[in-house]
Amino acid sequence: MVRPLLCWFVFVAVVFSGGARGSQVTYDGRSLIIDGQRNILFSGSIHYPRSPPETWASLISKAKDGGLDVIQTYVFWNLHEPQPGQYDFSGRKDLVKFIKEIQAQGLYASLRIGPFIESEWSYGGLPFWLRDIPGITFRCDNEPFKIENEYSMVEAAFKERGPPYVKWAAEMAAGLQTGVPWVMCKQDDAPDPVTFVGPNSPNKPSIWTENWTSQYQVYGEEPLLRSPEDIAFHVALWIARNGSFVNYYMYHGGTNFGRVASAFVITSYYDQAPLDEYGMIRQPKWGHLKELHAAIKHCSINLLRGQQTIYSLGDKREAYVFRLNSRKCAAFLVNRGGKDTEVSTQNSSRSMIRGKILDGWEEFIDHIPNYEDTTLKSNTLLEQITTARDSSDYLWYNFRYQHQSSNTKALLKVYSLGHVLHAFVNGVLAGSAHGTHQNPRFTLENTVSLNNGINNISLLSVMVGLPDSGAFMETKGLGLRSVSLQVQQKQLILTNSSWGYQVGLLGENLQIYTDQGSSKVQWNKFSSSRQPLSWYKTVFDAPAGDEPIALNFGLMGKGEAWVNGESIGRYWVSFHTPNGIPSQTWYHVPRSFLKPTGNLLVILEEEGRGSPLSISLDTASITRV
């Protein structure tokens, strides 16, 4: 029997609610209509699980001050139902509290309920247990799976099963009779009455669901930035061309806490948005857009009711004029060939003020398992996502090799589908390699030293996030695909040898990043040995003041960090951009995670490159010009 999915997890929708009572929301070919009034609406994406609840009120207030009418968020299914029938709406997962805060500040909520969301979020928001439903095929006209978002990006891959699925999704949503409009993001063939950005019908308004304020960043690549002028120009042009709704993705990005970031995505999310990762106003982006919103709202009656006429002014110039009557009009002058204009709003820059360098470090070196230590055995290389089941980034592949030769050198060659590999021979690191966001596949090829007799070869395959998009996600695989060992002139293919597996690291499985779990292992005074798979811990007091704080990991390698048992996310400082700098150096520690004194900080340093003696607790400061 197919297990029914939650009815409110359907496909991407825009649902509006506001005020002390529910508003009546309809639309026509010009705009959304709320309680009988046409509206030009400015919206901004703020994702509730990417910021602590203690900051929600401030974020929404700053968005309102910036001229927004709407706060948009996804709903993150794999957060709310991590296991079938087990629901969690606590802490950062408290969607209802977030929506009520939007309502309390007099704004509307735009709810993209997915449940497939992409959003650079682990598995696109789908819970891992969906893979276990018999006969399921993600994202197509498949009876166990009837849920969607941004479907046009994969529709062609499903051939004849794609269009019927779009039609079903639209009919299902409209049939719920929610009393609010629905939008299919990036779906230019959205059936009536579902709307699309286009629009694809004269009866639908023009709605822009994702106007990117920058773009998400991945490890090893430079950030892709957008200037305030470019964003504002395209918003103004959208309104001039009869657009009536714009959503900024993101207005505040926040932080990918824990392991929620998808493959290769950094922990900081859309830091270049109008409200930065810490929730501070980024100028001139915030102020420039605020002025634009005010100017458009000032003439919104003419824009919504007036007759549009377009005039060509020559030399890449044109005018969009909205005339209400002989005395009232509004006009947009578009210059595509002239010089850029300067933004006159306030400018600011963010600086990180060096804080206390943390001391008192202790260390624990994680166990490197041998074949005999493992309980899961197989005569083939297992696929990593299926084996680890999203419980850890780490999967050990272990085998033993009987070597009988005076020549102790051999060539180890491992082909991996991603993302990172560390090879150990007899407990000693023999080599590491990794892929990239653009090409996660790679080959490790290293000369290793063998002992006469039994040799234990332990291969640690590491994921840096699950995929978040694409067709046939349930079939995508990671991990090792082939292993060979060349001894003298003899090539040994080990792919179908007897392998032993261990999911996760010992420190992970014992949760030594918590107060209770840290007592389960023997910690030693830090020795500066810099070994791979090292755990470091110390305690620190919360800095005075209320400025945002972040850990400076500038000289660390790769791993994850926890404060009082809360993961602040993955770090990968050693993977530099083409300009030779880390993709991210500072890692946000929300003050709500802290106690006044005695805060436990535990760091997993996977590569063994970095020393914790360089770590400082810095504060973020804004300088205005």
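Start by selecting residues 53-65, helix α1. At 1.5 Å a residue, its 13 residues should span 18 Å, and the end C-alpha atoms lie 19 Å apart, which agrees. The coordinates on screen are those of a predicted model.

Within α1, show the side chains of Pro 53, Trp 56, Leu 59, Ile 60 and Ala 63, the buried residues of this helix. Their directions cover an arc of only 95 degrees around the axis, which puts them on the same side of α1. An α-helix has 3.6 residues a turn, so residues three or four places apart point the same way.

Then step just past the end of α1 to Gly 67, where phi is positive, at about 95 degrees.

Move on to the sheet that contains β14 and β18. Six strands make up this open sheet, in the order β14-β23-β15-β20-β17-β18, and their pairing is antiparallel. Colour β14 (376-378) and β18 (428-434): these strands stand at the edges with a single partner strand each, so one side of each has no neighbour in the sheet. Looking across the sheet, neighbouring strands are turned against each other by 25 degrees on average, direction ignored.

Inside this sheet, select β15 (residues 394-403) and β20 (residues 453-462), which pair in the antiparallel sense over 10 bridges. Trp 396 can be picked out here, opposite Leu 460 in β20.

Now select Phe 575, in the loop between β28 (566-572) and β29 (586-589). With a relative accessible area of 10%, Phe 575 is buried. Leaving out residues up to four places away in sequence, Phe 575 touches Tyr 219, Gly 220, Phe 264, His 434, Gly 435, Thr 436, Pro 582 and Ser 583.

Finish with the cysteines. A search of the whole structure for disulfides finds zero. Select Cys 299, which is in no disulfide; the nearest cysteine sulfur belongs to Cys 329 and is 9.6 Å away. From the other end, the closest cysteine sulfur to that of Cys 329 is in Cys 299, at 9.6 Å, too far for a bond. Is each of these two residues buried or partly exposed? Cys 299 counts as buried because its relative accessibility is 19%, whereas Cys 329, at 41%, counts as partly exposed.

Conventions. Residues numbered from 1 in each chain as written. Predicted model: local features only at pLDDT ≥ 70, side-chain atom pairs only at ≥ 80, totals over all residues. Heavy atoms only, no water. Helix = DSSP H or I, 4+ residues; strand = E, 2+ residues; numbered from the N terminus. Expected span 1.5 Å × (residues − 1). Buried < 20%, exposed > 50% of the residue type's maximum accessible area, 1.4 Å probe, protein only. Arc of directions from axis to C-beta. Disulfide = S-S within 2.5 Å. Pairing = 2+ DSSP bridges. Axes fitted to C-alpha atoms, helices over the stretch in contact; angles between N-to-C directions. Contact = heavy atoms within 4.5 Å.
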